[in-house]
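Welcome! Take a moment to look at the sequence and the model below, and then we will walk through one part of it together.

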Amino acid sequence: MKCPNCQKTFKTGIKCPSCKIDTVLYMGTVRLSDKLHNQGLERLKNGDIFHGIEALTKSISINKNNVPSRNLLGLALFEVGHVGEALKHWIISQSLLTEDNHAKTYIENVNKNARQLEKLNDAVGMYNQALEHIKSKSDDLAIIQLKKAVEINPRFVDALNLLTLCYLIQNDKDRAISTAERVISIDVFNPVALNYYAMLNPGKSRLPRAMSKSKNQTPSKKGPYKSVGMDEKKQRNFHFAELLTFIIGVACTAAAFYFLLLPAMDSARETERNAAAQALAEADIAHHHALEQASGAQDDLQLEITRLTIDMQDLTFDLVEQRRINDVNRAYFLYMNDELRAAVDMLEGFDATGLPHDIQQRVAGIFDGAYPRLGAEYFNAGRAAFAAPRDSYMALVQLENAIRFMNEESTDWHRLLFMLGTLYYDENIRVDDAYDMLTAVRQPPNLPGFSGGERTAINNMLTSLEARR
């Protein structure tokens, strides 16, 4: 059986001897996480964003390494305005899988469109301000902020739900129903919007309301007017004196208008101009203040991205360190099962710097215990092959392995150099190494361990090698 976690093969049981996980339980959790991923995907395809996010959140809580679920969850959260949460899941996803991961593309696209990201962040800031206004019972101000937020991000579901609540507070049922239906058109099974809709339409199914209720009306032909008869017309005659009085009255009225009303009208116009200039100045100040707030919000978002990047780096460091510890534990398992060569090969070139003290001691213990035993085993096998009838190939393989694990303090060190130097000389390979080895053997007091015939052979080989140099 092949372990799904560490990819090691073992023959019996369900528990991996290398990484110690229960393979049946591990595969069960992976399958359950994938099932929840498929459920979440199906929900999102059907427009049910709320329950899709819920299923995907459960999927990654069961299997934190489920990269497709993290990527899809980030897209769903970004869709409804949760930009920071979406970025967090994409960054973690990229740390789990660095190659062929769509999360990298998502992050790059967000960073490229900085202006749009700034607007989305402004929408979140307006939503938070609206929450504060509602807490202080300033629902009018909250509505202003929420309208701006959904104008920037029309699919900001949380802001739309909060706007519905504000309309309910103001007893504006028509707008509350319209906003709730707008949420349902985005997220068809959003429980908050459905609850508001049920409150506003008890016993009515969730169907789009008729948006047009007005009927065509024609203006009435009746009015407070009547025709005037000929007798009445005849009675409407002016005498000359009455006409003169009328003309004088008009002239006096015009004079009063010129000398009294015109200055007052000019003063009113000046007041209006001043008020307009004041309003323009206040608007300019508000504009600069908004720009400063936007700049601060962008800085905050950049700080958040930096913090998440640092967290990702820390997480990557922890994962690398855990893998190194797992390598040491697997090597120790092989060492305890007398698979000495496999254990030392696994730790070949291994740097234990920075690992916990007990792990460093375990590495040193493996080397201190395995090297002398491996050196002795390879030396004995090589010496047997070196003896008559000599198997030069087998002797070379075993003795070259022996020289890797033995050290100069070993009592058989010079015997090992003699046999290897002789084989290199006889096979006419690695001639310089043969010369160095045989020279080290001949240096006093090294020769006293050899027979007369072996000493003669050493001298003869060195004489021949020196002639070639």
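## A helix pair and a pocket

Helix 6 gives the most to the lining of the second largest pocket, supplying eight residues. This is a predicted model, where local features need pLDDT of at least 70 and side-chain atom pairs count only at pLDDT 80 or more, while totals for chains, interfaces and linings use all residues. Residues are numbered from 1 along each chain as its sequence is written, and side-chain values use heavy atoms, with hydrogens and water left out.

Let us begin with the pocket. Its space comes to about 510 Å³. Lining residues have an atom within 4 Å of a pocket point. There are 18 of them, and D122, M126, A290, Q293 and A294 are the closest to the pocket's centre. Helix 6, helix 7 and helix 12 (240-336) each supply at least two lining residues.

Now for the helix pair. The axes of helix 6 (residues 114-135) and helix 7 (residues 139-152) come within 8 Å and cross at roughly 165°. That makes helix 6 roughly antiparallel to helix 7 (angles over 145 degrees count as such). The contact, meaning heavy atoms within 4.5 Å, includes K119, D122 and M126 of helix 6 and D139, L141 and I152 of helix 7.

Here are both groups of residues by class:

How values were computed: Axes are lines fitted to C-alpha atoms, for helices over the stretch in contact, and angles run from 0 to 180 degrees between N-to-C directions. Helices (H or I, at least four residues) and strands (E, at least two) are DSSP runs, numbered from the N terminus. Angles under 35 degrees count as roughly parallel, over 145 as roughly antiparallel, 65 to 115 as roughly perpendicular and the rest as oblique. On a 1 Å grid over the protein atoms alone, a cavity is a set of points where a 1.4 Å probe fits but cannot get out, and a pocket is an open set with protein on both sides within 12 Å along at least five of seven lines; lining residues have an atom within 4 Å of a point. Grid points are joined across faces, edges and corners, and a volume is the space filled by probe spheres set on the points.
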